[in-house]
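Here is a short report on one protein chain. Look over the sequence and the structure first.

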Amino acid sequence: GGSGDPASVTAMPSSGPPKCVLFLLLASTFAMGIEYAILMPTVWKYVQSVGGTKTHLGLLLAGFSMTRTISFLIVGYWSDRRPMREPFVFSFILGAIGSLLYGVAGGLNSLGVMMLGRLVAGIGAASTTLNQTYIARAASVDQRTKLLSLCRGCAVLGIASGPVLNLFLLKLDDSDLCTGRFCLNSMTSSGYVMAVMNVLLCLLFTFLFVEPPPQVSSRSASYHRPEDVGAIQESKYHEIEEMEEPSALQAINIVICQRAGWFCLMINFVTGFEMTALETAVTPITAEQYGWGTQENSYLFGAITVIAILAIVSTIVFDKQSCCSSRLVILLAQVSLGIAFAVALGACGGADIPLWGLFTFGGFLVYGVVLQATPALGVYSTMIGDFDKGVFMGYSQIVLGVARILGPLFAGVTLEFHTHWLLMAAACGVYAFTPVSFPFVWKKIVKHADKETFSQSEESLSVDSQQLLRDQTSDFASA
């Protein structure tokens, strides 16, 4: 897009994303899931190979999430004011550079280059918020939950595929592919693979991407006044046209406070915190208590992925049922989480966690957090209305990013204790905020009308006004 005005570039009609764009969104979501997980099996060994410690490992992983979280709001703001292709392509370029730096760090034997690579890659990975922003702008209220579920499903599949892909990369260690400063092995290859994937995404989005509908201003003057409305309605349209566009703080007050967007953001935080804390804690627990190795833990993470996919499918099925609203799905998720933490506090808090308790707790926890995430995000996207969708979806990603930083840090610290009471009690405390506050916002957790609905209402008003004018003309002729 050459022009600075998003409205001036070729944009799609507001009937939903074209198939080619939907494919691009799902492909990029899948790739970002792989980028997050592909290095996990080898990252500790890689850090050690360049002289790093466990502290460096924590900084490396947290640094990626931190720069990604900071960048969410930036790319969201950018997408609201420029053609969306620009932040997409920019993110993929940075993702390719960061991944390449991570790969070459081994040959250079440089921990600093490795750190820099992950920091830059984190900025590039912020493109995930653009996928949600696109859907919020291009899809109708009824389409959003389904499309957001598809995106979340691709992210889960990407995270599950990362470690599996790394198993194939292990074969590189059997051959000598190191020449000078370049070294290709199971540790460095994850960086090179992601660099190639980011370059491919950059090319695809450059040539195939179609801009979403222009960002609609929140100004009420966006309603088009019919030419003939009659003297009675003239003053009402004049009053609408004179209303000023809300400031950024007023928009935050409306979306976050008045429409209870804070509750949806809280669910987002709970989802990120509980999932990352579980991912961090489960491997040390199974290794110490059950003597499990890489193969057994791979099966366990595979089972977790299956449960997550089941929750995503459940979300799509529930969304198609007219009698099942988003808040009822969230309520069902709260029940699942309640069962999980009842088992956790009853059987999993001691020094030894029984295998049945771990499976029951993990199963209900994963199902609940994944089940509640998409309908909450779908409702939140409609609460934004005609305000800057990129910025507000960025807020959602920032909350999720902070949770993903705090979850692993918290789990790592509590695992140092002899028992698991603190881990389970604190995780239960984070979850408890949602069921306690849910009754107070129950009536507000509904999908709000978007601009399309307003346009239909306006069209109806215009027809009524023209009919009124014809009736008045007919009465005058009769007289």
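Is the crossing of α11 and α16 left-handed or right-handed? The crossing is left-handed. The model is predicted.

## Helices α11 and α16

Helix α11 spans residues 261-290, and helix α16 spans residues 421-441. Their axes come within 10 Å and cross at roughly 160°. That angle is over 145°, so α11 is roughly antiparallel to α16.

On the α11 side, the contact is made by W262, F263, M266, I267, F269, V270, F273, E274 and A281. On the α16 side, L423, A427, V430, Y431, F433, T434, S437, F438 and V441 take part. These contact residues divide into 15 nonpolar, 2 polar and 1 charged.

## Helices α4 and α8

Helix α4 covers residues 85-108, and helix α8 covers residues 189-208. They pack at an angle of about 165°, with their axes 7 Å apart. α4 and α8 are therefore roughly antiparallel to each other. The crossing is left-handed.

From α4 come R85, F88, V89, F92, I93, G95, A96, S99, L100, Y102, G103 and V104. They meet S190, G191, Y192, M194, A195, N198, V199, L201, C202, F205 and T206 of α8. This contact divides into 15 nonpolar, 7 polar and 1 charged residues.

## The chain overall

The protein chain has 17 helices and 2 strands. Of its 479 residues, 49% count as buried. The chain exposes about 21,800 Å², and carbon and sulfur atoms supply 67% of that area.

Among contacts with a separation of 6 or more, 83% join residues 24 or more positions apart.

Note on methods: Residues numbered from 1 in each chain as written. Predicted model: local features only at pLDDT ≥ 70, side-chain atom pairs only at ≥ 80, totals over all residues. Heavy atoms only, no water. Axes fitted to C-alpha atoms, helices over the stretch in contact; angles between N-to-C directions. Helix = DSSP H or I, 4+ residues; strand = E, 2+ residues; numbered from the N terminus. Parallel < 35°, antiparallel > 145°, perpendicular 65-115°, else oblique. Left-handed = near helix turned anticlockwise from the far one by under 90°. Contact = heavy atoms within 4.5 Å. Nonpolar A, V, L, I, M, F, W, Y, C, P; charged D, E, K, R; others polar. Buried < 20%, exposed > 50% of the residue type's maximum accessible area, 1.4 Å probe, protein only. Areas by Shrake-Rupley, 256 points an atom, 1.4 Å probe, with all protein chains shown as cover.
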